[in-house]
Amino acid sequence: FRIGLTEMEHLEILAETLYALGAIPIYVSQPPKPCDFYSSAAVSRATHPKKMIMDDIIGESEAIRDYENMVRRLKNEQVAAIISRIILDEKLHLETLKKILEDMNAEAN
């Protein structure tokens, strides 16, 4: 499973895109405003494998929804194309996670 590696690639692609547009992407541990930066507060702290997968499914679903909303609002077609490509990866991640959960449930029965 390359989900984690692909997510890191997304981070790099988005940082490069922001930089190309004139913004300087930064990583901070203490964002100055709650809504202006990504926060790790949304990261699941689950320790049970099934709950971890279920939380990941929710996270991927929310990411897809957020990216789709972003694409609808974007006026820059090149950026919209980049985000649309990331959405395809996120949908693949979602299907992979659903399959893992399905397999976990089958093993439990």
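Predicted model: local features only at pLDDT ≥ 70, side-chain atom pairs only at ≥ 80, totals over all residues.
**The chain overall**

- Of the 109 residues, 20% count as buried (under 20% relative accessible area; exposed is over 50% and partly exposed lies in between, with a 1.4 Å probe and protein chains only).
- Take the contacts (heavy atoms within 4.5 Å) with a separation of 6 or more: 63% of them come from residues 24 or more positions apart.

**H1 against H3**

- Two packed helices are described by the angle between their axes and the distance between the axes.
- For H1 (residues 3-20) and H3 (residues 77-108), the axes come within 11 Å and cross at roughly 165° (axes are lines fitted to C-alpha atoms over the stretch in contact, and angles run from 0 to 180 degrees between N-to-C directions).
- That makes H1 roughly antiparallel to H3 (over 145 degrees; under 35 is roughly parallel, 65 to 115 roughly perpendicular and the rest oblique).
- On the H1 side, the residues are Ile3, Thr6, Glu7, His10, Ile13, Leu14 and Thr17, and they meet Val79, Ile82, Ile83, Ile86, Asp89, Glu90, His93, Thr96 and Leu97 in H3.
- Sorted by class, this contact of H1 with H3 has 8 nonpolar, 5 polar and 3 charged residues (nonpolar covers Ala, Val, Leu, Ile, Met, Phe, Trp, Tyr, Cys and Pro; charged covers Asp, Glu, Lys and Arg; the others, Gly among them, are polar).

**H2 against H3**

- The axes of H2 and H3 come within 9 Å and cross at roughly 160°.
- H2 and H3 are therefore roughly antiparallel to each other.
- Their contact divides into 17 nonpolar, 4 polar and 7 charged residues.
- The crossing of H2 and H3 is left-handed.

- Glu90 sits in helix H3 and counts as buried, at 2% relative accessibility.
- Leaving aside neighbours within four places in sequence, Glu90 is in contact with Glu7, His10, Glu60, Ile64 and Tyr67.
- Glu90 and Gly59 are 31 residues apart in sequence, and their C-alpha atoms are 9.8 Å apart in space.
- His93 is also found in helix H3, and with a relative accessible area of 5% it is buried.
- With neighbours within four places in sequence set aside, His93 is in contact with Ile3, Thr6, Glu7, His10 and Glu60.

**Asp55 in H2**

- Asp55 has its place in helix H2 and is buried, with a relative accessible area of 16%.
- The side chain of Asp55 makes a polar contact with the side chain of Ser44 at 2.4 Å (a pair of N or O atoms within 3.5 Å; within protein, one must be able to donate a hydrogen and the other to accept it, and residues adjacent in sequence count only if both atoms are side-chain atoms).
- Not counting residues up to four places away in sequence, Asp55 touches Ser44 and Ala46.

**Tyr27 in the loop**

- Tyr27 is in the loop between H1 and helix H2 (49-73).
- Tyr27 counts as exposed, at 61% relative accessibility.
- Neighbours within four places in sequence aside, Tyr27 is in contact with Leu11 and Ala15.

Notes:
Residues numbered from 1 in each chain as written. Heavy atoms only, no water. Helix = DSSP H or I, 4+ residues; strand = E, 2+ residues; numbered from the N terminus. Left-handed = near helix turned anticlockwise from the far one by under 90°.
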